[in-house]
Amino acid sequence: MNNDKAIHALRRARVAAQLGDGGIAIVPTAPERARNRDSSFPFRHDSYFYYLTGFAEPNAWLVITGDGASTLFCAPKDLEREIWDGYRLGPEAAPAALGVDTAHSVDELNALLPKLLENRASVWYPFAIHDGLEVRIAGWLNQVRARVRYGALCPERQHDLCTVLDEMRLVKDAHEQDIMRRAAQISAAAHVRAMKLSARLLREGRDLREYHLEAELLHEFRQAGSQFPAYTSIVAAGANACVLHYRADTALVRRGELVLIDAGCELDGYASDITRTFPADGRFTGPQRALYDLVLASQEAAVAATRPGARFTDPHDTSVKVLSQGMLDLGLLDRDKVGGVEDVIEKRAYFQFYMHRTGHWLGMDVHDCGSYVEPSQVGEVSERKDPLSGEIIKNRPSRILRPGMVLTIEPGLYVRPAEGVPPQFHDVGIRIEDDAIVTDGGCELITRGVPVRADEIEALMRG
C-alpha cells in the first residue's frame, strides 16, 4: 500500500473506531454544478470525502462500518462517456487503487444502501452539508423498516459525522503539513510576482489594472502545479482595499496608492491564504508607512501569542490591544472622546477601523472545519452585552491551541473618510496575513516566502 493509501486507510479506521457497535457512516462527495447551459463549474470534491479516500472523481459515495470495513460507490467504466468526460477509475480498480475493501457502481447505490443499513444500530452522516442527503437516507431507512416483519432491525439513532471528522481534521499530520507548506510557497511566489509587475509597469508608465495583477497570481498558481485558487482572489487598489471582500476588477492601479492582495492557491486539496499590502509603485508614503507599521506590529504580537496552551482568541486579543493603542497614538481615535486603550477595547471603538477577527482555521477548506470552543469546557457559559449592537452574546472558553493546528494571523486597518479621521489616512486599507502551524515551541509561519516588512517590500519592488 502506498503512503497516501495508508494515510486514508488509517483515517477510515479512526472513524470506524468512533462509530460504536453497529454503527455505519455514509459520506458523499460534492455534486457537479451547472454554470450555465451546457457548461459546468470545475468539479471540486467534498473535503470530508476526499479526506477519507483521496478520490477526486464526482458521483461517488463512501460507506464505513463500525467493524472497519469500507465500501466505495463510484461511476462505472464507460468507454463512450470517457471519450467525452475523461478517464474513470471504476469499481473494479478502486480497491487496489484506493485501499477500500469493496467497490460498486454508483448505479447500485439505491439497491445496496438499504441492505448495508439493515441490522445496524446507528447511522452517521454529515449534517446540513449536502442538500437532500437527509431525505435520501430517510428513504433508505424506510426500505429497512418495511422489512422489520421479516426480522430486520432499523438503525434507531442518527449522528452528525462532522463531530468526528472535524476533530480529526483540526490537527494536521506531517503529510498534511508538507502539502500546506508547498501550497504556501506557491502562493508566496505569486504575491512576489504581482508586486514586481506592479512596480515595473508603473515605472514604464504603462496602464495597470487590478485584473492584470490577478492574472499574475493565477499564472503562478497553475504554473507551479496547484489545481485551483483556494478562493476568489482579492486585488484591491486604493480605496477598494477598504472593502473586505472586494474582488479583482477593472480599477486602475495608481502611483501613490496601496494595493491589497488576498490570494492563495489550493494544492492537492489543501488551501493557502496570504494577504499582503504594498505601495503600487514600490514606495510607501509617510502616512501609509505609519499605518502599515502599526498593522505589522499588531501581527508580530499576535504571532508571539500563537503557541501551544494559548487560546485561539489570544492572538486576536493581543492584536486588538496593539491596534487600539496605535489608533490613539496616530489620531485615528480621539482620546478625549473614547478614553484610553482599555476604554477603546471595552467599548469596541476600534471597530470603526478593524471589524474582523484576526484569524481562522486553515486546511482543506480556506475557512476550515473545527470548533472554536474548547470541547471540555462547552458547558462553561458566560454572557456579555455587546457595546455596539446591544446584543447579548454567550461566551464559552476559546479553543486551546495544540501542535498541528493551522490558523491564519491577519490583522488589518481600514480607514474610510469620516468626521474626525485625519485626511492623510483616508481610503487606506491594510491587511497582513500569514499561515501559521502551531508547533511544540510556538508557531511556524509558512507563508513568509513573500516579504512582510515595509523595507523588504520596497527593496523587492526596486529589483
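Mentor: Two strands pair if DSSP finds at least two bridges between them, and strands themselves are DSSP runs (E, at least two residues), as helices are runs of H or I with at least four, both numbered from the N terminus. This is a predicted model, in which local features need pLDDT of at least 70 and side-chain atom pairs count only at pLDDT 80 or more, while totals for chains, interfaces and linings use all residues. Residues are numbered from 1 along each chain as its sequence is written, and side-chain values use heavy atoms, without hydrogens and water.

Trainee: What makes β9 and β12 (residues 265-267) a pair?
Mentor: Two bridges join them, in the antiparallel sense, and since at least two are required, they count as paired. Within this pair, phenylalanine 228 stands opposite glutamate 266 of β12.

Trainee: Which strands form the open sheet, and in what order?
Mentor: The order is β9-β12-β13, with antiparallel pairing.

Trainee: Why are β9 (228-229) and β13 (270-271) called edge strands?
Mentor: Each of them pairs on one side only.

Trainee: How do you know that β7 and β8 (residues 157-160) pair?
Mentor: They share four bridges and run parallel, and tyrosine 125 has aspartate 160 in β8 as its bridge partner.

Trainee: Which way do the side chains of β7 (residues 122-125) point, and are they buried or exposed?
Mentor: Ser122 and Trp124 point one way, Val123 and Tyr125 the other, and all are buried, that is, under 20% relative accessible area, where exposed means over 50% and partly exposed lies in between (1.4 Å probe, protein chains only).
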